[in-house]
Amino acid sequence: MMFWRSVVGKLWFTILLLVSFLLFILTVMLLEFFENYHINETEKDLTNTALNIAHFLEDQEQEIGLQISWELLDDVTRAMIIKNPNEYYYSPNSETSVELPVEFFFEDEELSRAFDDQKTVKQIATIPNQNYKEDSRILIIGVPMEIGNERGAVFIFQSLQVMQETTQSTTKFILLAAGVAIILTTIFAFFLSTRITAPLRKMREAAFEAARGKFDTKVPILTNDEIGELATAFNQMGRQLKFNMNALSQEKEQLSSILSSMADGVITFNRDGTILITNPPAERFLQSWFYEQDGFTASSEAVPSEVMELFQLAVNTEKEQIGEISVQGRFWVVIVSPLYNKKFIRGAVAVVRDMTEERQLDKLRKDFIANVSHELRTPISMLQGYSEAIVDDIAETTEEKKEMARVIYDESLRMGRLVNELLDLARMEAGHIQLTIEEIELVPYIHRITRKFQGLVKEKDILLNERMDYKDPYFYFDPDRIEQVLTNLIDNAIRHTPANGAVEITGRTDEKGFYVEVSDSGYGIPEEDLPFVFERFYKADKARTRGSGTGLGLAIAKNIIEAHRGHISVQSKVGHGTTFSFFIPRNYE
């Protein structure tokens with residue numbers, strides 16, 4: 001079945017069918033020609049023989065003329081000499097056949113003209129006697145003759161079976177020649193088709209190789225005809241495809257590099273809203289939103305409903321749409337623009353820009369003076385009030401004066417601590433922090449830090465757990481600075497966790513670096529405050545003014561981690577607790 005579908009089979013069958021049709025027409029025409037030719041030649045021979053018999057009978061004596069006449073006849077030819085209806089003679093070789101009655105020649109309209117009109121006549125007649133088994137149709141030639149005053153005729157006839165036998169012999173020869181011609185045509189057609197299709201098969205194999213990405217495949221050029229030109233064109237096409245694919249690959253890599261290096265997130269949507277392309281900032285945006293949904297969405301490619309609304313508006317109105325969305329306390333501006341495929345919209349691209357830093361800077365500009373004045377106003381007021389009391393001799397006893405002096409001293413220490421922390425933070429932000437890197441054994445180091453809080457967690461009835469997974473028990477960092485970070489994170493977690501709560505410290509190392517998470521089951525941080533937790537003077541409880549720290553601890557922790565070339569982050573939901581995590585890479589220097 002596959003052979004007939006191939007080019008070889010189709011070409012071979014077409015050539016064979018065409019040649020067979022031509023041979024069939026030629027055979028029919030040759031058979032018709034030879035049949036007519038045999039009949040005409042037989043008529044001529046019979047006519048000449050009849051004329052000779054009539055001539056001999058007219059010139060010779062009857063006996064001699066008859067004897068000579070019968071010698072002119074062959075075995076398949078019969079003759080009948082009729083002088084009158086009562087005197088006629090049959091040829092001797094007619095004994096084996098049925099004799100035609102003399103009345104047959106006089107009653108037949110055409111044959112009787114040989115007597116009446118003295119003309120040569122011919123007639124193909126059917127023998128009335130069915131005992132003539134060879135063929136009932138015969139060819140009769142009649143020639144008039146005059147013997148004395150009597151008008152007679154010589155009739156010579158022959159069965160058409162003889163001519164048919166000759167025609168059959170010719171037909172067999174023609175059919176044999178046609179058969180040989182068909183066989184030779186078949187061989188030639190198959191040879192020709194294979195010669196034509198051999199380079200085509202090579203082109204097919206090369207095309208399959210090109211479809212698999214092997215554009216270096218070349219087709220051998222075997223001829224200089226159209227097939228050779230086709231092979232040349234195919235090789236040129238392969239080189240051009242390779243060049244185009246390399247260009248497309250370079251363009252794709254360039255586009256991917258551009259998207260990866262962009263600070264803004266890019267999300268490309270199909271017409272039906274399916275995500276096609278995202279870059280790392282966009283993936284972080286989607287991961288934050290996914291975390292906010294408690295990890296449950298309709299599909300892994302779900303996006304915030306606000307973004308989908310902007311996408312639908314951009315597709316329907318064919319205009320750029322701008323909106324804002326808040327995810328995990330960070331503010332994002334989303335710009336959705338339609339993408340066109342010639343005249344039709346094929347999707348849209350969303351640019352997600354993180355505007356949190358701008359919002360933070362704007363808020364910092366408004367809150368910095370208020371925070372500093374808030375932190376300094378109370379101790380300055382107390383210093384002023386107690387010092388006035390001492391100057392005005394309000395304190396009468398020595399004990400009262402000592403008490404007022406102690407308060408003044410404590411407040412001055414608090415102000416000094418605040419100023420020192422501000423100076424440390426300023427130096428860190430200016431890049432002047434000095435780190436003392438040492439090789440630290442992690443398990444005893446973490447145990448030592450957590451033991452400092454055992455009394456506090458017992459007092460507040462909080463469970464403090466450690467989970468360690470260290471592939472490498474040793475790591476390089478500044479132990480004092482990292483202890484400052486961990487102390488701040490653990491202290492904050494304990495202070496913001498109610499009784500019967502839990503605080504968990506998780507640490508692990510891998511080939512990339514050192515990971516630490518401090519999780520609590522406390523009140524959580526409001527979403528609107530999450531972007532500002534690492535800013536100076538931030539306090540989760542705005543109502544607390546004394547005894548709650550300076551609000552610089554997390555800002556200092558962030559700078560310490562960044563000095564180690566790492567990063568620190570926070571995830572929180574109100575009522576579900578907070579998780580602070582930081583990462584220090586290996587070989588960060």
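Residues 542–547 have pLDDT under 50. Even so, the model gives this stretch 11 contacts beyond four places in sequence. The model is predicted. Where pLDDT is low, the predicted coordinates should not be read in detail.

**Confidence**
- Across the protein, the mean pLDDT is 78. A value of 70 or more is reached by 84% of the residues.
- Residues 130–135 have pLDDT below 50. Beyond near neighbours in sequence, the model shows 13 contacts for this stretch.

**Transmembrane annotation**
- An unreviewed UniProt entry lists "transmembrane region" at residues 12–34 and 173–192.
- In the model, residues 12–34 are 100% helix and 0% strand. The end C-alpha atoms of this stretch lie 32 Å apart.

**Glu43 in helix 2**
- E43 sits in helix 2, which spans residues 7–59.
- Is E43 buried or exposed? E43 counts as buried because its relative accessibility is 14%, and the cut-off for buried is under 20%.
- Leaving out residues up to four places away in sequence, E43 touches K122 and L139.

**Helix 14 and helix 15**
- Helix 14 covers residues 479–495, and helix 15 covers residues 553–563.
- Their axes come within 9 Å and cross at roughly 145 degrees. The crossing is left-handed.
- Helix 14 contributes R481, I482, Q484, V485, N488, L489 and N492 to the contact. Helix 15 contributes G553, L554, I556, A557, I560 and I561.
- What kinds of residues make up the contact of helix 14 with helix 15? There are 8 nonpolar, 4 polar and 1 charged.

Conventions
Residues numbered from 1 in each chain as written. Predicted model: local features only at pLDDT ≥ 70, side-chain atom pairs only at ≥ 80, totals over all residues. Heavy atoms only, no water. pLDDT = per-residue confidence, 0-100. Contact = heavy atoms within 4.5 Å. UniProt positions renumbered as here; feature names shortened; annotations may be inferred. Helix = DSSP H or I, 4+ residues; strand = E, 2+ residues; numbered from the N terminus. Axes fitted to C-alpha atoms, helices over the stretch in contact; angles between N-to-C directions. Left-handed = near helix turned anticlockwise from the far one by under 90°. Nonpolar A, V, L, I, M, F, W, Y, C, P; charged D, E, K, R; others polar. Buried < 20%, exposed > 50% of the residue type's maximum accessible area, 1.4 Å probe, protein only.
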